[in-house]
Amino acid sequence: MSEAMHVNASVTAHLRRITATDNPAIAGVIRRVSAEYGLTADKGYTVADPNLDELYTVYSQPGHAYWVVEQNGQVVGGGGVAPLSCSEPDICELQKMYFLPVVRGQGLAKKLALQALDYARAQGFKRCYLETTAFLTDAIRLYEHLGFEHIDQPLGCTGHVDCEVRMLKTL
């Protein structure tokens with residue numbers, strides 16, 4: 001392998017706020033990862049979200065934020081935070097955390113989650129909620145490491161009927 005190829009192969013990923021031009025790319029990432037894990041629309045997972053192709057608009061609202069992970073000019077992951085629907089005003093929700101296999105295991109989900117939690121704290125939220133599913137064990141371990149605690153009942157009205165793992169963190 002030539003030196004130039006090695007340098008190009010080691011380009012690091014970085015986080016940035018979503019832009020309107022990222023909509024198709026991040027929707028594609030969410031669809032690919034969902035398909036990889038069998039997270040189908042009929043079970044209420046994110047791929048059923050009617051706004052999936054308009055995430056920039058969704059996350060441009062007050063109290064909302066979404067970051068994409070970019071590597072070599074390609075969007076390879078993302079995640080965000082927003083007020084929890086049908087809930088107390090001091091609770092936000094960590095949402096739509098999806099990463100392609102190429103960037104997993106590099107600490108980017110942790111970095112993004114911490115950025116989202118800092119943003120939520122700055123927006124005045126006191127608690128952060130999330131829902132996931134039991135077979136996403138790496139994600140659950142990350143959330144536990146970040147101080148999320150398992151709770152028995154769902155909060156808000158997320159529509160994620162098959163997300164049986166519910167967690168809450170005090171900010």
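The expected span of a helix is 1.5 Å times one less than its number of residues. In this predicted model, helix H2 comprises 15 residues, 23–37, and should therefore span 21 Å. The end C-alpha atoms of H2 are 21 Å apart, in agreement with that expectation.

The buried residues of H2 are Asn23, Ile26, Ala27, Val29, Ile30, Val33 and Ser34. These residues cover an arc of only 155° around the axis, which means that they lie on the same side of H2. The other side of the helix carries the exposed residues Pro24, Arg32 and Ala35. Several elements pack against the buried residues of H2: helix H3 (55–58), together with strand E2 (65–71), strand E3 (74–83) and strand E4 (91–99). After H2 comes Gly38, which has a positive phi, near 70°.

The cysteines were examined next. One disulfide was found in a search of the whole structure. It is formed by Cys86 and Cys157, whose sulfur atoms are 1.8 Å apart. The torsion about the S-S bond of this pair is about 60°, and the disulfide is therefore right-handed. The bond links distant parts of the chain, since Cys86 and Cys157 are 71 residues apart. Cys86 is in the loop between E3 and E4, whereas Cys157 is in the loop between strand E6 (149–151) and strand E7 (165–170). With a relative accessible area of 62%, Cys86 is exposed, the cut-off for this class being over 50%. Cys157 has a relative accessibility of 39% and so counts as partly exposed.

Two further cysteines, Cys92 and Cys128, were considered in turn. Cys92 is in no disulfide, and the nearest cysteine sulfur, that of Cys128, is 3.6 Å away. A disulfide requires the two sulfur atoms to be within 2.5 Å. The relative accessible area of Cys92 is 0%, so this residue is buried. Cys128 is likewise in no disulfide, with the sulfur of Cys92 as the nearest cysteine sulfur, 3.6 Å away. Cys128 is also buried, at a relative accessible area of 0%. For both residues the class follows because buried means under 20% relative accessible area.

Terms used
Residues are numbered from 1 along each chain as its sequence is written. This is a predicted model: local features need pLDDT of at least 70, side-chain atom pairs count only at pLDDT 80 or more; totals for chains, interfaces and linings use all residues. Side-chain values use heavy atoms; hydrogens and water are left out. Helices (H or I, at least four residues) and strands (E, at least two) are DSSP runs, numbered from the N terminus. Buried means under 20% relative accessible area, exposed over 50%, partly exposed in between (1.4 Å probe, protein chains only). The arc is that of the directions from the helix axis to the C-beta atoms. Contact means heavy atoms within 4.5 Å.
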